[in-house]
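I opened this entry to keep track of what I looked up, step by step.

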Amino acid sequence: MKFSDSLSHALLVGYLFVAITSCQDQDYPGKSYWQNAPDGDIPYEEMFPRNDDDDGDDDNNDREDGDLEEETIPEEDGDQTPEEDGDTSDEEEVYSVTTQRLSTAFSHSCFIREDHSVVCWGKNNAGQLGDESSENHSNPVDVAGIPTGTLAILTGGNFSCTLQDGGAALCWGKNDYGQLGDGTTINRLHPVDVRNTSEWISRFDTGNAFACALLGKGSVQCWGQNNAGQLGNGSEEDSILSVSVQRLEQGTRFLSLGSLHACAIRQQGDLVCWGDNVNGQLGDGTWISATTPVDVEGLDSNVQAVSAAESHTCALKTNGSVLCWGANVYGQLGNGTQADSKTAVQVSSLESGVKAISAGARHSCAILEGGSVVCWGNNVFGQLGDGTIETRTTPVNVQGLTSPAKEIQAGNLHTCTLLESNEVFCWGDNTYGQLGNGNFEGSLLPAPVLIGEESQK
């Protein structure tokens, strides 16, 4: 090796050392961003209540003050080391990390226990439960190999992912389009590292067969299936590697993925969507699909949260009102009709007072102030939780919840909620055990999920 080459190599090593050290020493917010929260800030200690009897020696519960741990950078190889440019100026905002303990998909569900372990239940044909098998389970089973510090759980079509403390992500299950983000198309029966991003991840979400990451400084990258332009990069070519979403190079605050479309809230509170638009789910006043983000009509400010579903989308505004648009054959837009809408319409009786929203395949749900839950839309399997199988075009109350709700997740034909009591209840279709109550019988009313350790026996 020439002297000049040696010197260049030494300078490069020195630069990488300084960059990694700078990234490791960076302070991150002590509060986490909850997916459905109207005010955006849920303390870590409220997400995972601490047992007062805990002496702090348990490795799985070793946070004393509820703050997020300082980020550590994996040192396995260069692909796992986030790149830093050393610029930590005040002008470049770094966003807080998402927390979400409950997630439902088409036919499976997952949950983060209080000890930070992760369990899943329901359909497992592609290994989406992460227990190193492909057997369906009506009881929650432990996901294999999840490290401590899990902040959020996300479920896609037939795959699942977690967001970890420190901005890393793990995924498992179906991988035919590279949606797991490991650079392959090999299905995985256990979690693998997402290697598709060069920065720490503040928010992560999953669609039918694609995934997107909101990075620490507000840009968005996506990978996987792209037949409807859902990767947002101006093409319709699938990609096992991450691509940057256009118009979202910085300042993005919130991200939600549907089956074949996605939406994001930008820094000024305006909403953009991209991908499939055959039912008007992009909300831009057309039926034309878009390979790059388009503005949602009438939602150019004050958008607090968004939930993209199969063919419709719902948004929560800062004043507590809910609007939906897209497919409406089952009344999932909640405006008292069954006509599709290519622009946002007001959900009946939800002009204010809503804390959280979740749009499922063909139904939608919301948590109201005080913690009660309402749902509307398709109810053929009782997924609205009102004790009937009658489809509703306006919101109805979910019956039988034992305490106020904290999180709500509408799936394909079932729904789950996390209560303030830290119990999880599910209702609706149970063909694959997705209600997690130990059997395969559906329920028209909320049934408790067997979350405790006894469910593993």
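**Disulfides**

I searched the whole structure, which is a predicted model, and the search gave 7 disulfides. I went through three of these pairs in turn.

I began with the disulfide that joins Cys110 to Cys120, where the S to S distance is 2.1 Å. I looked up the torsion about the S-S bond of Cys110 and Cys120; it is about 105°, so this disulfide is right-handed. Next I checked where the two cysteines sit in the chain. Cys110 belongs to strand β5 (residues 108-112) and Cys120 to strand β6 (residues 118-122), and the pair links distant parts of the chain, 10 residues apart. For burial I took the cut-off of under 20% relative accessible area. Cys110 has a relative accessible area of 0%, so I noted Cys110 as buried. Cys120 has 0% relative accessibility and therefore counts as buried.

I then turned to Cys212 and Cys222, which a disulfide joins with an S to S distance of 2.0 Å. For the link of Cys212 and Cys222 I noted 105° about the S-S bond and a right-handed form. Cys212 is in strand β13 (residues 210-215) and Cys222 is in strand β14 (residues 220-224), so this pair ties together parts that are 10 residues apart in sequence. I recorded both Cys212 and Cys222 as buried.

The last pair I looked up was Cys263 and Cys273, joined by a disulfide with an S to S distance of 2.1 Å. I placed Cys263 in strand β17 (residues 261-266) and Cys273 in strand β18 (residues 271-275); the pair links distant parts of the chain, 10 residues apart. Cys263 is buried, with a relative accessible area of 0%. I noted 0% for Cys273 as well, which is buried.

**Cavities**

I searched the whole structure for cavities of 30 Å³ or more and got 3. I followed up the largest cavity, which holds about 370 Å³ of space. I listed 33 residues that line the largest cavity; the closest to its centre are Thr104, Thr155, Leu257, Ala308 and Ala359. I then asked which elements give two or more residues to the lining of the largest cavity. They are β4 (102-104), β8 (150-155), β12 (201-206), β16 (252-257), β20 (303-308), β24 (354-359) and β28 (405-410). I also sorted the lining of the largest cavity by residue class, and the residues divide into 20 polar, 11 nonpolar and 2 charged.

**The sheet with β28**

I found an open sheet of 4 strands, in the order β28-β29-β30-β31, with antiparallel pairing. β28 and β31 (443-448) are the edge strands, and each pairs on one side only. From one strand to the next I noted an average twist of 15°.

β28 and strand β29 (residues 414-419) run antiparallel and are joined by 5 bridges. I asked which residue in β29 is the bridge partner of Ala410. The partner is Thr415.

Conventions. Residues numbered from 1 in each chain as written. Predicted model: local features only at pLDDT ≥ 70, side-chain atom pairs only at ≥ 80, totals over all residues. Heavy atoms only, no water. 1 Å grid on protein atoms, 1.4 Å probe; cavity = no way out; pocket = protein on both sides within 12 Å on 5 of 7 lines; lining within 4 Å. Points joined across faces, edges and corners; volume = space filled by probe spheres on them. Nonpolar A, V, L, I, M, F, W, Y, C, P; charged D, E, K, R; others polar. Pairing = 2+ DSSP bridges. Axes fitted to C-alpha atoms, helices over the stretch in contact; angles between N-to-C directions. Disulfide = S-S within 2.5 Å. Buried < 20%, exposed > 50% of the residue type's maximum accessible area, 1.4 Å probe, protein only.
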